[in-house]
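Biologist: I'm new to this one. Can you put it up and walk me through it?

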Amino acid sequence: MTFQDALQACNLVAILRGITPDEAEPIGEALIEAGWRIIEVPLNSPEPLKSIEKLQKRFGDRALIGAGTVLTTAQVADVASTGATVIISPNANLSVIEASVSRGMISLPGVATPSEAFAAIGAGATGIKAFPAEAIPPMVIKAWRAVLPKDMPVLAVGGITPDNMKSFIDAGTNGFGIGGSLYKPGDDVASVAAKAKLFIEAMRRS
C-alpha cells in the first residue's frame, strides 16, 4: 500500500500517544475495522518500538504503520528495524527526512511556515504535516496551497475534531492526524472504536 493509496482509502492518521504494547493490537484492530489505514505510535510512548513491531506484524498488509515524534536519524533506523514504513516528526529536520527517504520510508515532517514546507519538500518529504494546526488556521493552509506543489499532500495535525475538519478540507488540506480526540492512555477499545467511527463519518461528510 502506497501513501497515496492509504490517503485515498482514509485520509486520517491515528496518533496513539501513550499506548502500551499490550494495547496495541486490540486498538489497532478497532481502528482498521473502522476503516483507518495509517497508524502512528509516537516514540515518547511506553516501549514504542514493541508496539510498532506488533502493529506491523499484525496489520502491515492492511495499513501503513509507523512512528511519530521521530527526532533523530538513529530513531529512523530503530523504526526501520521493526519493518514499519512511516516516519512522522513534529519538526522539519532535513537529516531525518533524508534518512527516511534513503530507506524507502514515508516521510511526514512537521512544518509551520512556507519556508519549512519548501525545505522539507526539497529534502524529499512524502507529505507535510501542518503542526500545530491550532496555530495554522484554514485560511493559512489555503494560502500555502496556492504556492506548494499541487501533488504534495498536506495534513493538518493538532486540535482536529469532527466539527472542524470540513473547513480544513475546503482550504485544501488532504488529510489529518488525530491524537487525543481519538485515543488517550487508558481509553478502552470500545471508546476508541466509537470515536474512530465518528471521525470516519465526519470525513465522509467533508
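Biologist: Where does Ser51 lie?
Modeller: Ser51 lies in helix 3; helices here are DSSP runs of H or I with at least four residues, strands are E runs of at least two, and both are numbered from the N terminus. This is a predicted model, where local features need pLDDT of at least 70, side-chain atom pairs count only at pLDDT 80 or more, and totals for chains, interfaces and linings use all residues. Residues are numbered from 1 along each chain as its sequence is written, and side-chain values use heavy atoms, with hydrogens and water left out.

Biologist: Is Ser51 buried or exposed?
Modeller: Ser51 counts as buried because its relative accessibility is 0% (buried means under 20% relative accessible area, exposed over 50%, partly exposed in between, with a 1.4 Å probe and protein chains only).

Biologist: What does Ser51 touch?
Modeller: Not counting residues up to four places away in sequence, Ser51 touches Ile19, Thr20, Pro21, Ala24, Val41 and Pro46. Contact means heavy atoms within 4.5 Å.

Biologist: How do helix 2 and helix 3 cross?
Modeller: The axes of helix 2 (residues 21–34) and helix 3 (residues 48–59) come within 9 Å and cross at roughly 40 degrees. Axes are lines fitted to C-alpha atoms, for helices over the stretch in contact, and angles run from 0 to 180 degrees between N-to-C directions.

Biologist: Which residues make the contact?
Modeller: Helix 2 gives Pro21, Asp22, Ala24, Glu25, Gly28, Glu29 and Ile32, and helix 3 gives Lys50, Ser51, Lys54, Leu55, Arg58 and Phe59.

Biologist: Now the sheet. What is the strand order?
Modeller: Nine strands form an open sheet, ordered 5-4-3-2-1-9-8-7-6, with parallel pairing. Two strands pair if DSSP finds at least two bridges between them. The edge strands, each pairing on one side only, are strand 5 (106–108) and strand 6 (110–111).
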